[in-house]
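Hi everyone, thanks for coming. Please have the sequence and the model open while I talk.

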Amino acid sequence: MKTTHESRFGNTWKPLPQIDVELSQVKNESYQSLNDLFLAIYFPSFMSVVALSSMVPVVPIFALDSLNASSTMLGIIVAAQGAGKMMFNLPTGFIAVQYGDKFTVASGYFLQMVSGVAMALSPNILCMILAELVLGVSQSLLQIGRQSYMKTAVSTEMSGRALSLLGGSARLAGILGPSLGGFLIVHWSVRIALASQAVTCLIAFVATVIFLKEIPTSKSNKTVFNKDKLKTNSEDGKNNDEWNAGNDEDGNERTPSLRGEQNISEHSIVDIENDSNDDNEDDDVDDD
């Protein structure tokens, strides 16, 4: 009774050897210590949160005094930031997958800088609301991009300390920011305080572009397989199968497979049916 494909194809199929995946580049480009992350992640993040939190006392004073906004409009202005963050969370994930974490983080700093300039130059309430929306979009890009980057940029042993330090630096910046905003209002003007956000985020943007490494991941970079090492062993150990993909004879798209593997399932079904019929005939003879 035929139990293998040996009689049909002339050789016995053996398990494929393990495919070598080129991941050495990811390992080489990851950060080996937390000190390496200072200029790439911690310093830009600290500057960004200082700028963001400094707007806490500045925006209400500017809206009420300079724009003559009512209490209701002030609430809408403040809520616009949260709305922009909420609406852009899903698109941020798409951007991170398609263009990488570095692009996502750098875009967040750039939009926060644009938001600071727009706030400082806002002539009316509508422009202020739009600037707050852009600020919310920037925070969505920054929060998701930074966390996604930290997950792949450091080893598993360092990830807990790295994320804790990132959160701690943000909380420290959240304490210093409002004090800085109030200081700028008292000694200069409200619009200068708003413009300071753009200057601070410009520094963070430049630091990110220069020092942040682009870490290849499975999200933004397809894994590379070494086709030369993808082999199957025939009975004599000399036949090397080649990667085969394209369209079949009928023009239908065929998934990647190993040459020589085609039509195995069809012949296997025929063999199984023949073997089953043979077994049934043998059983009938024995019963007689």
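Let's begin at phenylalanine 38, which is partly exposed, with a relative accessible area of 48%. On this scale, buried means under 20% relative accessible area, exposed means over 50%, and partly exposed is in between, using a 1.4 Å probe and protein chains only. Phenylalanine 43 also counts as partly exposed, at 26% relative accessibility.

A word on where this comes from: it is a predicted model, so local features need pLDDT of at least 70 and side-chain atom pairs count only at pLDDT 80 or more, while totals for chains, interfaces and linings use all residues. Residues are numbered from 1 along each chain as its sequence is written, and side-chain values use heavy atoms, with hydrogens and water left out.

Now, the rings. A pair of aromatic rings is described by the distance of the centres and the angle of the planes. Rings of Phe, Tyr and Trp (for Trp, the six-membered ring) pair if their centres lie within 6.5 Å; planes under 30 degrees apart are stacked, over 60 edge-to-face, and the rest tilted. By that rule there are 4 aromatic pairs. One of them joins phenylalanine 38 and phenylalanine 43: it is tilted, with 6.3 Å centre to centre and 35 degrees between the planes. Tyrosine 99 and phenylalanine 103 form another tilted pair, at 5.3 Å and 45 degrees. Here tyrosine 99 is exposed at 52%, whereas phenylalanine 103 is partly exposed at 43%.

Next, the helices. Helices (DSSP runs of H or I, at least four residues) and strands (E, at least two) are numbered from the N terminus. The chain has 10 helices and 2 strands. How do α3 and α7 cross? The axes of α3 (residues 38-66) and α7 (residues 125-153) come within 12 Å and cross at roughly 155 degrees. That makes α3 roughly antiparallel to α7, a label for angles over 145 degrees. Axes here are lines fitted to C-alpha atoms, for helices over the stretch in contact, and angles run from 0 to 180 degrees between N-to-C directions.

Which residues meet? Among those in α3 are Ile41, Tyr42, Leu52 and Phe62, and the α7 side includes Met128, Glu132, Leu135 and Arg146. Contact means heavy atoms within 4.5 Å.

Finally, the whole chain: buried residues make up 36% of its 288 residues. Of the contacts with a separation of 6 or more, 79% come from residues 24 or more positions apart.

Methods
Angles under 35 degrees count as roughly parallel, over 145 as roughly antiparallel, 65 to 115 as roughly perpendicular and the rest as oblique.
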